[in-house]
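Subject: Structure for your review

Dear colleague,

Please find the structure below, followed by an account of what was found in it. I would be grateful if you read the two side by side.

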Amino acid sequence: MPPITLAALKPYIMMVLIVGIGPLGVGYLVLLERKLMADMQARLGPMRVGPQGLLQPIADAVKLLLKEDVIPGMVDKWVFWLAPCVTVTTALAAFAVVPFSSDFVITDVNIGVLAILALSSVGVLGIILGGWAANSHYPLLGSLRATAQMVSYEVVMGFAVVAVLLMAGSLSMVEIVKAQAESHRWFLFGAFPFGLIAFFMYYVAAMAETNRSPFDLPEAESELVAGFMTEYSGFRWALYFLAEYCNIIVVCSLAVTLFLGGWLRPFPSVTWLGWLDYAAPVGSFLLAGGLSLYLVKRQPRAFDQIVLAAVGLALLAVAGLFAWPAFNALFRGVFWFMAKIMVLVYSFMWVRFTFPRYRYDQLMRLGWRVMIPLGIVNVIAIGIVLVLKG
Amino acid sequence: MLDQFFFYIFASVILLGGLLTITRRSAVHSAIFLIATLLGIAGLFLHLQAEFLAGVQVILYVGGIMVLFLFVIMLVNLDQAARQRQFNRQWWLALLAAAAVCGEALYGLYRGRGAFTFPGAVPGNMPPNTQAVGNALYQNYMLPFEVASIMLLVAMVGAVVMAKKRL
Amino acid sequence: MTVPISWYLILSAVLFVMGVAGFLFKRNIITIFMSIELMLNAVNLSFVAFSYVLRQLSGQVFVFFVMVVAAAEAAVGLAIIIVVFRNRESLNVDDIELMKF
């Protein structure tokens, strides 16, 4: 029995934090998406609940929890219950191997990448079973589409990941980031330009795996009502939603770990850029805090003013903490990791509001006739480059 | 102690899953319990320090083969079949044969019980095995590996040719 | 190893017999296919158990090939199932008896 210390308890604390804060973070991701969509369409987005609509996710969560839990009459009750649980469990479990920084990782297993791919392939089952159990036409069509799409694009994702594994020589997430630190470059630019091709393939496959537009055929609202989720409502629907956004964060964190240098700052080996470790977190939190305080006097209600002022002061306090060397040394990895994830998530949303949806046969043709051959050629090319370099 | 605990957990998942796989009426339920069995076996692989195989087991069996099964189950209409008799006409013969196989296997194990201690076995852990499996596959087993890849290609082409209505 | 190998072998044997029983009992082709997967997995389990006890990788490599065969078998078999269903509207093995004499 090892002694109970803070270091021994850290993985458990992180687990509790991820399972506890994860859903809240997902709520705010949805708010971000709505605000972004509103901005791109020259609207304001949710503004009523809280200052600038900041409390909207909490109101949504309460609404979903209080809704009646409808189970349609002819469904396969047992499978109907099981399906969302499977999806959400695997989505949250995938965080177990994600390295937020060299210190903040729940467990570093030597098959980390394989574990994430395995969990995401189990998560697909939840979608398939959910659509089947609903015993209705649109969900069944949605889950048939989801099956074919996810199986096809898993292969593409596999080839993109193999390209990185060739460069890193390890399946452990932490080792992959360390390999990038040793080779003085992100694997995005490794074996130039083939790393870029691998990243592009990963990006497209990740979008297809998480059912994001332009590949959101399994839940295409203009064709299939809501696809596999049509018969779900209330809390179960919320579980699917939670799993979907968790999966987005997981694939983005895998992309950051594999291609964008994980917790390393940009240009990790250029020493004179070391000031970035302080400037970037302090600057961004100062900016956010200042903006909140600036917006305080525009709020119509006293309650909103108090909430927004508190948020602004908290952000300024975090900025101050990042200026403190001990805190900075511990948390700058987490900051860079989260910042890179946010950039990727933002680009996912950007793509969603920019491109029209693919047609189903176009999607399949893109997967099997373009992406997979490209992936095979890319892996061979990277192998040749690595052998030539020695 | 912990080893035995996990062995019991996984073994009960495997056996229960296997039993329900062959007794459920609905093919989808059978598939779900088969998935539970496969995950249990992946757990035992982890337990036996074959972590790479455990990952491959989940990705290939659960993420590939079982998804394919579910896809086909959804394509074909099995509602009628679920309401019909589940066992075929020779079920008593089948039971006899299965019992014979069971008896044979257990008798074989009982007779060979003395052979299960390996004096030459090295104590200690297996080395981290992803790299080791890779080396073995690409060095000692190169020819079988190539044959397997050709077989996969043939199977893929065969499946497409058979299932497509017109080429 | 606190769990003796004989336990693994007994587990594997029982699982294999379940596969055999399902294969012989069931009328539905898809479930019969699943029984074959059960048998393959039972064999894989004993391969890995021996590989662990002997500290040799050959068993694991063999399991790898068994998985490849299982994947190929599933792809071809399910294609056959789809063709049979398209022509006969039934998946009961009792009904598909054209080749019997």
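Two residues are said to be in contact if their C-beta atoms, placed from the backbone, lie within 7 Å. Among such contacts in chain C between residues at least 6 apart in sequence, 46% join residues at least 24 apart. For chain A, the corresponding share is 77%.

Please note that this is a predicted model, in which local features need pLDDT of at least 70 and side-chain atom pairs count only at pLDDT 80 or more, while totals for chains, interfaces and linings use all residues. Residues are numbered from 1 along each chain as its sequence is written, and chains are lettered from A and ligands numbered from 1 in the order in which they are written.

Chain C

Chain C contains 3 helices and 0 strands; helices (H or I, at least four residues) and strands (E, at least two) are DSSP runs, numbered from the N terminus. After α3(C) comes Glu89(C), which has a positive phi, near 60°.

The C-alpha trace of chain C spans about 55 × 25 × 20 Å along its principal axes. Its radius of gyration is 17 Å, whereas a compact globule of 101 residues would have one near 13 Å; the radius is taken over C-alpha atoms, and the globule rule is 2.2 Å times the number of residues to the power 0.38. Of the 101 residues of chain C, 54% are buried, that is, 20 or more other C-beta atoms lie within 10 Å of their own.

Chain A

Chain A has 13 helices and 0 strands. With 390 residues, a compact globule would have a radius of gyration near 21 Å, and the 22 Å of chain A agrees with this. The C-alpha trace of chain A spans about 65 × 65 × 55 Å along its principal axes, and 41% of its 390 residues are buried.

Where chains A and B meet

In this interface, 19 residues of chain A are in contact with 15 residues of chain B. On the side of chain A that touches chain B, the elements giving two or more residues are α4 (112-133) and α5 (137-168) of chain A. The largest share, 10 residues, comes from α4(A). By class, this side of chain A has 15 nonpolar (Ala, Val, Leu, Ile, Met, Phe, Trp, Tyr, Cys and Pro), 3 polar (the others, Gly among them) and 1 charged (Asp, Glu, Lys and Arg) residues.

Yours sincerely

Key. A residue is buried if 20 or more other C-beta atoms lie within 10 Å of its own, exposed if 12 or fewer, and partly exposed in between; C-beta atoms are placed from the backbone.
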